[in-house]
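Dear colleague,

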Amino acid sequence: MTRRVLVVTGGHSVDHPAFWAMFAALAAEHDWVWAHAVQPSAQHWLTPAAADAWDVIVLHDIVGLHLRRGEPPVARPPSDETVAALTALLDAGQPLVVTHHSLASWPSWDGWATALGGRFNYAPGPLRGVDWPSSGTCIDTYTARITNPTHPVCEGVGDFELTDELYCCPIFDDEVIPLLTSDADYSGERFIRTFEHVVVGAEAAPNCVGHPPASNLISWAKVAGRSPLVYIQPGDTAATFGLAPYRRLMANAINWVASDEARSWAAANSTPIDASA
């Protein structure tokens with residue numbers, strides 16, 4: 001079946017040649033029709049009026065956050081119109097695959113963190129009434145382990161080794177369906193706090209000792225509104241985009257969220273998104 005896939009980037013760097021090579025290969029293999037949109041103009045596709053234009057929207061962007069080396073990250077709250085549009089889009093059942101740094105989007109809106117299943121905090125701030133420190137990152141070589149082998153997203157993937165960026169950040173483990181975990185060491189001293197990293201550089205930035213313990217969950221499925229959603233945390237390097245198991249994981253996620261099975265599951269387990277949070 002031909003899928004119409006929109007891939008959204010912007011707000012953060014990505015190895016474009018490797019990223020597009022992956023999607024071109026997957027589109028040819030799976031008979032997808034796909035297009036690319038860049039934030040902030042891509043936001044007009046994330047509305048209920050455009051919900052029928054794409055079978056799946058893949059988010060590999062950061063929006064609602066101003067990032068520049070040497071300057072503190074600055075959150076830009078979504079407008080009331082943007083919140084209403086995104087909430088309505090999710091309520092309309094738009095299938096989504098969210099990857100890597102997109103977990104940092106809309107840091108001023110708790111409802112978006114609830115929709116995604118967590119948040120990467122570029123700066124310290126409140127989340128669900130708790131004051132969180134800035135999140136941390138670590139480049140590591142580790143094994144991604146399948147935790148849900150019977151789920152369609154995991155079909156044919158298997159455990160695989162990769163070198164990619166890991167996160168120390170709040171994840172709502174009990175609100176998602178786990179798909180993959182990492183066998184990496186998540187000790188706080190191994191992660192660099194991102195706020196300070198952006199402002200003063202990696203050498204001067206402190207580690208994440210004292211941060212609440214990090215989850216080793218790196219991929220999950222959940223319902224956002226009435227939308228089936230899969231989050232895939234790896235996605236930082238060209239090498240990752242070239243890995244056959246990673247490509248299989250991405251293809252499975254896109255095909256599954258677009259399936260009648262996933263859409264029926266999401267509709268039956270709908271979770272209202274709080275537009276005021």
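In the classes used here, Ala, Val, Leu, Ile, Met, Phe, Trp, Tyr, Cys and Pro count as nonpolar, Asp, Glu, Lys and Arg as charged, and the others, Gly among them, as polar. The model is predicted: local features need pLDDT of at least 70 and side-chain atom pairs pLDDT 80 or more, while totals for chains, interfaces and linings use all residues. Residues are numbered from 1 along each chain as its sequence is written, and side-chain values use heavy atoms, with hydrogens and water left out.

The second largest pocket has a lining of 9 nonpolar, 3 polar and 3 charged residues. A pocket is an open set of points on a 1 Å grid over the protein atoms alone, where a 1.4 Å probe fits, with protein on both sides within 12 Å along at least five of seven lines; lining residues have an atom within 4 Å of a point. Nearest the centre of this second largest pocket lie Pro107, Ser108, Arg119, Pro124 and Gly125.

The largest pocket is lined by 17 residues, with His12, Arg69, Tyr122, Thr194 and Val198 nearest its centre. Its lining comprises 6 nonpolar, 7 polar and 4 charged residues.

Turning to Ser215, this residue is buried, with a relative accessible area of 12% (buried means under 20%, with a 1.4 Å probe and protein chains only). Contacts of Ser215 (heavy atoms within 4.5 Å), leaving aside neighbours within four places in sequence, are Tyr167, Ile171, Asp173 and Tyr186. The side chain of Ser215 also reaches the backbone nitrogen of Leu217 at 3.1 Å.

With kind regards

Terms used:
Buried means under 20% relative accessible area, exposed over 50%, partly exposed in between (1.4 Å probe, protein chains only). A polar contact is a pair of N or O atoms within 3.5 Å; within protein, one must be able to donate a hydrogen and the other to accept it, and residues adjacent in sequence count only if both atoms are side-chain atoms.
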